[in-house]
Amino acid sequence: MRVPLDWLREYAEVPAGTTGTQVAADLVRVGLEEEGLHGGDVQGPLVVGRVLEMTPEPQKNGKTINWCQVDVGDANGTGEPQGIVCGAHNFAAGDLVVVILPGGVLPGNFEISARKTYGHVSAGMICSSLELGLGEDHDGIIVLTDWLGAGAQDLTPGKDAIALLGLDRETVEVNVTPDRGYCFSLRGIAREFSHSTGVAYRDPALVRVVDGQEQPLTAPAATPEGFGVELQDEAPLDGTPGCDRFVTRIVRGLDPQAPTPAWMATRLTEAGMRPISLAVDISNYVMLALGQPTHAYDLHKVTGPIVVRRARAGERLTTLDDVERTLDPEDLLITDDGETVLGIAGVMGGASSEVSETTTDVLIEAAHFDPKTVARTSRRHRLSSEASKRFERGVDPELAPQAAQLMVELMVELGGGSADPAVTDAGQVSAPESITFDPTMPTRYVGVDYSTDRVREILEIIGCSVTPGSDDTLTVTPPSWRPDLLTGPDLVEEVARIDGYDKIPSLLPTAPGGRGLTHAQRVRRTVAAALAGQGLDEVLTYPFVGDSRFDDLGLSADDQRRHAVRLANPLSDEAPLMRTELLQTLPDAVRRNLGRGAKDVALFEIDTVTLPDLARKAPVPGVGVRPDDGVLEEIRAAVPHQPLHVAMVATGQTERAGWWGAGRTTDVTDVVGWAHAVCDALGVSVERRQTEREPFHPGRCVELALPDGTTVGWAGELHPKVVKALGVPERTVAAELDLDVLIVASDRRAQGQPMSNHPPAGSDIALTVSRSVSFGDLLESVRAGAGDLLESVRLFDAYRGDQIGDDQQSLAFHLTFRAADRTLKTEEVNAARDAAVARAAKDHGAVQR
């Protein structure tokens with residue numbers, strides 16, 4: 001919300017000389033966050049210019065610039081046109097524009113000088129609203145006839161544009177939080193400034209200032225002959241009607257050529273809105289002043305009565321932004337006689353009944369709509385408007401008659417019209433509910449000693465009605481403009497805010513004794529440290545994928561991994577699904593690093609995947625009341641399983657080449673080793689077995705499983721078709737493990753064994769076995785045969801050559817024996833060694849060399 005200081009002074013007695021910085025600080029004191037300061041930082045010469053000639057010139061880079069001759073009057077000291085290069089295309093010869101000449105300074109201390117560009121010397125710049133700090137539009141420059149409407153008729157080249165656009169005055173921009181919707185208006189901001197500084201406040205809903213004199217703003221009572229209005233909400237959300245008040249007034253005989261006065265156009269511009277026409281500008285002015293959105297219809301395009309109802313299936317509407325929209329049965333509509341749709345209530349009007357340059361008779365609407373209805377409709381159609389921003393945060397239901405009256409008075413004064421005496425005020429607004437409030441609660445909650453009198457004073461300052469209740473309590477009725485005040489803690493916050501946050505002592509609470517990390521947290525850290533120690537880099541990827549990714553990975557049509565949760569409102573329509581494996585998104589990070597020049601990439605990610613249970617459907621209860629325990633249990637049961645996984649992908653060299661010799665390319669043995677490193681770090685024993693599983697190469701994939709057969713994960717080389725589809729290099733390797741399985745498997749207590757102080761005894765054996773016997777299987781047989789005296793066993797040599805058969809291999813082991821209570825004798829060591837050899841011979845046909 002942009003707050004022009006000159007406008008703020010009309011409603012609050014802002015002391016003379018007060019700067020925007022001071023006003024922002026005063027508003028921060030009562031909890032309104034400063035978003036920015038605007039105005040006062042543009043230095044001239046900034047003038048009105050008229051485009052005399054405009055020559056498009058295509059450039060080699062494909063861009064087309066315009067070489068313009070611009071009349072700036074005598075502002076350049078010569079009276080000659082200025083040659084200016086401009087890249088925008090939203091203007092034409094004859095248009096009035098805003099020109100900053102050499103020597104001027106734009107916001108951000110950006111100095112303008114004559115400079116050579118695109119083969120011309122550009123003597124200045126034609127400005128956009130973004131460059132002047134008036135808005136966010138950088139697509140085109142300001143065309144003053146569009147920007148100021150009829151107010152631009154009397155402009156001449158060379159006229160000072162700083163004062164014209166209000167750039168010599170300061171505007172404070174405030175970030176309005178969802179619970180402070182009343183601050184989406186000058187009325188609310190002025191009230192908060194008064195709370196912060198104690199200056200006098202003038203409510204614009206009750207008083208107008210005309211020519212320096214205060215005049216009461218009094219809305220007449222409703223009359224029977226007013227314009228017909230029917231509220232027919234047959235499907236209210238959570239029992240709350242979509243519209244509980246609808247006020248209409250009629251003004252006839254407007255001069256369709258009447259211009260918006262300069263003072264109003266300036267205020268709208270400073271507040272960030274573009275002047276359009278008198279009727280529309282008055283509507284926007286009233287909304288900014290009071291916070292009550294209004295709408296003006298061309299009376300000749302509406303037959304009546306106005307009927308407010310929910311949309312019917314298949315209804316469509318072209319809104320004022322020229323977009324045709326298909327309406328939803330939850331949408332609340334403004335209709336003509338219940339048939340022709342005039343607009344989406346609280347969001348945007350329709351194009352069929354908008355006022356035009358020929359409109360002379362206007363039907364004024366000021367209504368109060370349900371915040372939830374407006375918010376849902378706005379998000380459903382992805383249509384956010386100034387009206388919807390206010391309605392969904394809560395508009396004062398008592399404002400509608402006053403806003404309509406202010407519109408009537410301004411249209412009569414500025415447009416030369418006359419108001420019909422008939423007034424319609426349909427519907428009935430519920431009074432705010434009272435709160436039984438303990439005046440000691442602020443002291444107990446905040447830690448500052450607030451007296452009962454001070455608590456009552458503050459609540460009355462913010463507009464509450466306070467009366468003594470029973471048992472030393474207060475009965476507090478919030479004002480109509482504060483729908484956020486519902487409970488005692490809400491009132492506590494107001495007491496602390498108005499009395500001053502700076503009075504609350506800054507005392508750090510005593511930290512409770514912690515219990516350390518959970519086992520799952522320790523596992524996650526251990527795994528990350530283990531993989532980082534192996535040389536991999538950790539990354540995080542977005543968990544969203546598209547259907548095409550399953551095809552890229554070669555998943556069969558009936559693969560369970562294709563059954564993914566589909567998002568109702570995805571960030572990207574190309575990725576509407578939640579991933580079911582980390583390997584569905586991790587290759588994107590590899591490809592991105594390769595694209596940025598990296599050659600050797602080894603990445604890992606630890607995160608959750610989403611595995612839905614297609615047999616379970618979550619109920620969708622209403623939002624008005626708390627679902628019962630049974631419904632909540634169904635919702636919890638339908639939440640998809642989200643196990644924690646770790647995945648690795650690598651390509652390039654794992655041992656880099658250099659003066660020390662040739663490097664080594666990452667292969668399947670590396671990724672299998674990393675998977676084992678994860679399990680070893682957690683003290684979990686796993687077995688490997690060759691298998692086939694997409695997206696891995698069928699001959700280069702292993703499954704890792706616990707001794708009981710529970711699958712831990714898979715590791716291997718990606719299939720050649722998969723690496724081509726993913727855009728990663730050939731022979732890329734990958735692995736994915738289920739950390740939830742490893743967390744359970746590693747969650748056990750290990751009994752520590754006392755260390756023996758007796759000396760170890762060593763013995764070596766060399767066993768000849770078939771090449772089909774794996775090292776791991778032979779090692780387990782040696783361990784089992786050696787018995788309890790074996791402390792460790794280590795492979796120190798492997799031989800294949802002409803001294804043994806072509807289909808044989810010789811594996812040499814060093815065995816270390818130790819007893820806890822004695823020094824071992826040679827006979828004991830030899831017996832244990834011989835038992836190990838015998839077990840290997842029995843299991844694998846091993847022969848000792």
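**Close-up 1. Arg382 in the loop between helix H8 (371-380) and helix H9 (386-391)**. The loop between helix H8 and helix H9 is the place of Arg382, where helices (H or I, at least four residues) and strands (E, at least two) are DSSP runs numbered from the N terminus. This is a predicted model, in which local features need pLDDT of at least 70 and side-chain atom pairs count only at pLDDT 80 or more, while totals for chains, interfaces and linings use all residues. Residues are numbered from 1 along each chain as its sequence is written, and side-chain values use heavy atoms, with hydrogens and water left out. Although Arg382 is not a glycine, its phi is positive, about 50°, and at 64% relative accessibility Arg382 counts as exposed (buried means under 20% relative accessible area, exposed over 50%, partly exposed in between, with a 1.4 Å probe and protein chains only).

**Close-up 2. Asp337 in the loop between strand S21 (332-336) and strand S22 (340-344)**. Asp337, which is not a glycine either, has a positive phi of about 60°, and with a relative accessible area of 44% Asp337 is partly exposed. Most residues other than glycine have a negative phi, and most peptide bonds are trans.

**Close-up 3. Helix H21 (residues 775-786) and its buried face**. The 12 residues of H21 should span 16 Å at 1.5 Å a residue, which agrees with the 17 Å between its end C-alpha atoms; the expected span is 1.5 Å times one less than the number of residues. Leu778, Leu779, Ser781, Val782, Gly785 and Ala786 are the buried residues of H21. Seen down the axis of H21, these buried residues fall within an arc of 160°, so they line one face of the helix; the arc is that of the directions from the helix axis to the C-beta atoms. The buried residues of H21 pack against strand S41 (761-770), strand S42 (790-799), strand S43 (808-817) and helix H22 (826-844), where contact means heavy atoms within 4.5 Å. Gly787, with a positive phi near 85°, follows H21.
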